[in-house]
Amino acid sequence: MESPQKNSVSFFQMPLHYPRYTQKDYQDMPEWKLDRLLKEYGLPAHGDLAYKREFAIGAFLWPKS
């Protein structure tokens, strides 16, 4: 019997609207809200709070030129 990990499929899921948060919003966002946002987009929500904030900023904000 195969483990459930091998049978699971992970993919990026684009909801109807792209998040419109600023970098400050992500830096002040509580962990439960970051978890929900990342899960909504099919992105990993593991690691500590600082990691999740940096991940969300990198995933959803355009780099400054």
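What share of the contacts in the protein chain between residues at least 6 apart in sequence join residues at least 24 apart? The share is 46%, where a contact means heavy atoms within 4.5 Å.

This is a predicted model, in which local features need pLDDT of at least 70 and side-chain atom pairs count only at pLDDT 80 or more, while totals for chains, interfaces and linings use all residues. Residues are numbered from 1 along each chain as its sequence is written, and side-chain values use heavy atoms, with hydrogens and water left out.

**View 1. The protein chain holds 4 helices and 0 strands.**
Along the sequence the pattern reads α-α-α-α. Helices (H or I, at least four residues) and strands (E, at least two) are DSSP runs, numbered from the N terminus. The protein chain has 65 residues, and 20% of them count as buried. Buried means under 20% relative accessible area, exposed means over 50%, and partly exposed lies in between (1.4 Å probe, protein chains only).

**View 2. Confidence in the protein chain is lowest in helix 1 and highest in helix 2.**
pLDDT is the predictor's confidence in each residue, from 0 to 100. Its average over the protein chain is 82, and 74% of the residues score at least 70. Helix 1 (residues 4-7) has a mean of 54. Helix 2 (residues 23-28) reaches 96.

**View 3. Helix 3 has the buried residues Leu34, Leu37 and Leu38.**
These residues cover an arc of only 95° around the axis, which puts them on the same side of helix 3. The arc is that of the directions from the helix axis to the C-beta atoms. On the other side of helix 3, Trp32 and Lys39 are exposed. The packing partners of the buried residues of helix 3 are helix 2 and helix 4. Just after helix 3, Gly42 has a positive phi of about 70°.

**View 4. Leu37 is a buried residue of helix 3.**
Its relative accessible area is 7%. Leaving aside residues up to four places away in sequence, Leu37 touches Pro19, Tyr21, Tyr26 and Phe60. Leu37 and Ala56 are 19 residues apart along the chain, and their C-alpha atoms are separated by 8.6 Å.

**View 5. Ala45 sits in the loop between helix 3 and helix 4.**
Ala45 is partly exposed, at a relative accessible area of 31%. Residues up to four places away in sequence aside, Ala45 touches Asp35, Leu38 and Lys52. From Ala45 to Asp35 the C-alpha distance is 5.5 Å, across 10 residues of sequence.

**View 6. Helix 4 has 12 residues and spans 16 Å from its first C-alpha to its last.**
That span is close to the 16 Å expected at 1.5 Å a residue. The expected span is 1.5 Å times one less than the number of residues. Buried in helix 4 are Lys52, Ala56, Ile57 and Phe60. Down the axis of helix 4, its buried residues fall within an arc of 135°, so they line one face of the helix. The face turned away from the buried side of helix 4 carries exposed Ala50, Glu54 and Gly58. Cover for the buried residues of helix 4 includes helix 2 and helix 3 (31-40).

**View 7. The structure holds 4 aromatic pairs.**
Rings of Phe, Tyr and Trp (its six-membered ring) pair if their centres lie within 6.5 Å; planes under 30 degrees apart count as stacked, over 60 as edge-to-face and the rest as tilted. Tyr21 and Tyr26 make an edge-to-face pair, 5.5 Å centre to centre with 70° between the planes. Tyr21 is partly exposed at 28% relative accessibility. Tyr26 is buried at 0%. One aromatic cluster is formed by Tyr21, Tyr26, Tyr41 and Phe60.

**View 8. Tyr51 and Phe55 both lie in helix 4 (residues 49-60).**
They are 4 residues apart, about one turn of the helix. The ring centres of Tyr51 and Phe55 are 6.1 Å apart and the planes stand at 35°, so the pair is tilted. Tyr51 is partly exposed, with a relative accessible area of 42%. Phe55 is partly exposed at 24% relative accessibility.
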